[in-house]
Amino acid sequence: MAGRINDDDVKAVRDAVPIDAVVSEYLQLRNAGGGNLKGLCPFHDEKSPSFHVSPAKGLYHCFGCQEGGDTVDFVMKIDHLSFAETIERLAAQAGITLRYEEGGYTPGRQQGERTRLVEAHKAAAQYYTEQLESPEAVIARTFLADRGFDQDAAQHFGIGYSPAGWDHLTRFLRGRGFSDKELVLSGLSQEGRRGPIDRFRGRLMWPIRDISGEVVGFGARKLRDDDNGPKYLNTPETPLYRKSQVLYGIDLAKKEIAKTNRAVVVEGYTDVMACHLAGITTAIATCGTAFGEGHIKILRRLLMDNSGSEVVFTFDGDAAGQKAALRAFEDDQKFAAETSIAITPGGMDPCDLRLAEGDQAVADLVESRTPLFEFALRHVVSRHNLDTPVGRAAALDEAAPIVARIKNSAIQHESAVQLAGILGILDTQFVVRRVSQLARWARERGRDGGGPGQGRPQRREAPSAAEPQRPAPGAGGPALNLRSPAHRVERELLKLALQRPDLVSPAFDAYGTDEFTAPPYAVVRQCIEEAGGATTGSADGDYLARVRDAAPDDTVRAMVTELAVEPLHTRRDPDEVYAGVQLVAVRLAAVNQRVMEIRGTLQRLGPRADPEQLTAVQNELWVLQQYGQSLRERGAAAL
């Protein structure tokens with residue numbers, strides 16, 4: 001039975017790994033104000049960033065899909081890991097040695113499945129790189145040299161060689177403590193007649209890493225004529241490797257992609273190498289599959305859906321390359337980024353081009369790009385006979401929707417005018433109106449939920465008072481109406497109590513849960529009390545963790561996280577005056593509510609009520625009215 005990780009070690013891991021550093025491995029983050037960061041949520045599709053990260057609090061929350069939590073929650077969710085696997089991974093990054101209870105730690109036996117597969121791939125990558133220096137691998141070294149890649153290039157990209165024998169790697173990994181079941185599950189080995197054998201044999205090996213830099217698979221290139229396998233053989237689909245969700249070179253390119261707002265998509269491993277060595281360090285490639293939805297999501301998170309960003313596709317000028325370019329254009333609307341195409345001259349790929357003409361030629365290729373819609377437009381028009389009215393009309397029917405899809409409205413209008421000239425249609429305004437109409441219909445379909453990549457409503461960065469109702473977390477009461485001013489100010493006060501407890505304590509801790517009229521907010525208030533109150537949070541790094549731990553269920557815990565990350569509704573840094581306004585508003589609302597209840601009681605008692613009881617109720621009403629008046633006149637000083 002696996003041992004439980006020591007609680008102190010878990011806390012040490014949580015404290016040692018900054019959440020912004022971890023999240024930045026998967027998406028680009030930008031300043032959101034108030035010390036927070038924001039980016040496009042990796043857990044759902046959205047057009048504008050609603051995913052917020054608070055480095056100071058170690059929390060994240062998406063105001064679009066409501067996903068939230070701390071660093072451990074994020075890694076568990078995005079990489080589908082167990083709690084133990086996540087702690088083990090983060091501990092390895094932080095250099096923390098974990099202690100295991102209930103019998104101590106047995107390497108290999110007590111780690112999660114995914115962690116074991118990652119470690120197997122890491123060991124395999126190291127083994128392959130070492131084998132590249134062996135006498136047998138001369139054919140692999142020659143292959144690289146013939147394509148302009150020296151030893152430094154091979155080391156930079158982690159290239160290796162798989163020996164030609166049946167089970168060299170399998171025996172090596174067995175010696176490292178990996179079981180046959182793990183080796184087959186990882187895709188590094190496959191079942192043979194007498195047990196597992198190596199999947200890759202006698203091939204040049206490229207490690208395929210995910211966006212966080214972990215090796216999750218391999219691409220293997222055939223080197224010998226007697227190898228009857230395919231030219232390129234990739235890792236099969238495994239718990240680690242999904243070819244539709246990985247991009248070769250993304251671990252090396254991600255920072256530059258985010259920095260320059262440009263990604264260059266090439267077709268092969270050697271093309272990525274050639275581009276990077278030529279200074280195009282934003283180059284990435286798919287792994288044996290067409291560029292698709294999963295790859296788009298990875299790039300969108302790095303490009304932040306900035307309209308000024310760009311995705312450049314490079315394709316050969318042959319028929320297959322043109323077909324691939326048109327397929328890429330079909331996905332154009334899934335990017336906010338502009339999409340361009342660079343056609344390699346003479347059918348050469350970037351690797352061949354670098355070898356023939358040098359690094360500058362590769363850089364010039366990318367700079368020679370043209371908008372992808374122009375390429376698609378020329379292709380469509382070329383299929384029609386423009387010398388006849390019927391041909392011109394058919395060309396317009398096909399070309400106008402392409403122009404209508406251009407994101408920049410100024411370019412769209414100019415292109416519509418150019419289209420009229422290309423087709424030889426004298427009535428330019430007819431073509432412009434046709435394009436405008438198609439663009440308007442597309443926008444309307446987008447608002448109604450139709451159209452690729454446009455059917456989702458825009459997400460705001462954070463909830464506002466104008467948002468609709470949501471269920472009350474942790475309480476079986478009525479829905480939470482964020483249009484209610486009382487609920488809105490209760491929300492703001494709780495945000496202060498979680499984010500800036502120094503500004504609201506000790507006054508906040510005197511507030512009862514009954515002063516929060518929204519049921520979920522009353523539950524959050526109770527969590528704060530059970531965590532020791534806001535007074536304990538001013539100088540306590542574990543304060544938020546204690547509040548989250550006090551939550552009775554995941555829904556309330558998510559609400560705590562949301563309130564701890566959501567920006568405060570003030571353009572200036574919050575101060576005691578701002579905090580006082582919220583404290584007074586919540587208390588005054590509670591007083592007014594109680595006044596209404598007492599007036600209802602008086603009305604029910606009527607003139608025949610017991611005089612003593614009537615006097616007590618009237619006295620309570622008078623005291624509350626006086627207190628309410630004092631709050632209105634003196635503000636926080638009356639608390």
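Biologist: Is Cys-275 buried or exposed?

Modeller: Burial is judged by relative accessible area, with a 1.4 Å probe and protein chains only: under 20% is buried, over 50% is exposed, and values in between are partly exposed. Cys-275 has 1% relative accessibility and therefore counts as buried. This is a predicted model, in which local features need pLDDT of at least 70 and side-chain atom pairs count only at pLDDT 80 or more, while totals for chains, interfaces and linings use all residues. Residues are numbered from 1 along each chain as its sequence is written, and side-chain values use heavy atoms, with hydrogens and water left out.

Biologist: In which helix is Cys-275 found, and which residues does Cys-275 touch?

Modeller: Helices (H or I, at least four residues) and strands (E, at least two) are DSSP runs numbered from the N terminus. Cys-275 belongs to helix H11. A contact requires heavy atoms within 4.5 Å. If residues up to four places away in sequence are not counted, Cys-275 touches Val-266, Ile-280, Ala-283, Pro-350 and Val-362. Val-366 is 91 residues from Cys-275 in sequence, yet the two C-alpha atoms are 9.5 Å apart in space.

Biologist: What do the totals for the protein chain show about burial and about contacts between residues at least 6 apart in sequence?

Modeller: The protein chain has 639 residues, of which 50% count as buried. Among the contacts between residues at least 6 apart in sequence, 66% join residues at least 24 apart. The protein chain contains 26 helices and 16 strands.

Biologist: How does one describe two helices that pack together?

Modeller: Two packed helices are described by the angle between their axes and the distance between the axes. The axes are lines fitted to C-alpha atoms, for helices over the stretch in contact, and angles run from 0 to 180 degrees between N-to-C directions. The axes of helix H3 (residues 71-79) and helix H4 (residues 83-94) come within 9 Å and cross at roughly 110 degrees. H3 is therefore roughly perpendicular to H4; the classes are under 35 degrees for roughly parallel, over 145 for roughly antiparallel, 65 to 115 for roughly perpendicular, and oblique for the rest.

Biologist: Is the crossing of H3 and H4 left-handed or right-handed, and which residues meet there?

Modeller: H3 passes H4 in a right-handed crossing. A crossing is left-handed if the near helix is turned anticlockwise from the far one by less than a right angle, and right-handed if clockwise. Thr-71, Val-72, Val-75, Met-76 and Asp-79 in H3 are in contact with Phe-83, Thr-86, Ile-87, Arg-89 and Leu-90 in H4.

Biologist: At roughly what angle do H4 and helix H5 (residues 113-131) cross?

Modeller: Their axes come within 8 Å and cross at roughly 40 degrees, so H4 is oblique to H5. Here Glu-85, Glu-88 and Arg-89 in H4 meet Glu-113, Arg-114 and Thr-115 in H5.

Biologist: How is a pair of aromatic rings read?

Modeller: A pair of aromatic rings is described by the distance of the centres and the angle of the planes. Rings of Phe, Tyr and Trp (its six-membered ring) pair if their centres lie within 6.5 Å; planes under 30 degrees apart are stacked, over 60 edge-to-face, and the rest tilted. A search of the whole structure finds 19 such pairs. One of them is the edge-to-face pair of Tyr-248 and Tyr-269, with 4.9 Å from centre to centre and 75 degrees between the planes. Tyr-248 lies in the loop between strand S11 (232-234) and helix H10 (250-260), whereas Tyr-269 is in helix H11 (residues 269-277), 21 residues apart, and the pair links distant parts of the chain. Both tyrosines are buried. The ring centres of Phe-508 and Tyr-511 are 6.3 Å apart with the planes at 10 degrees, so this pair is stacked. Phe-508 and Tyr-511 are both buried.

Biologist: Which charged residue lies over the face of Tyr-511?

Modeller: A charge sits over a ring if NZ of Lys or CZ of Arg is within 6 Å of the ring centre and within 35 degrees of the ring normal. Arg-587 lies over Tyr-511, at 4.1 Å from the ring centre. Arg-147 is placed over the face of Phe-143, at 3.6 Å from the ring centre.

Biologist: What backbone feature does Asn-261 have?

Modeller: Asn-261 is not a glycine, yet has a positive phi of about 60 degrees. Asn-261 is in the loop between H10 and strand S12 (262-266), and counts as buried because its relative accessibility is 17%.
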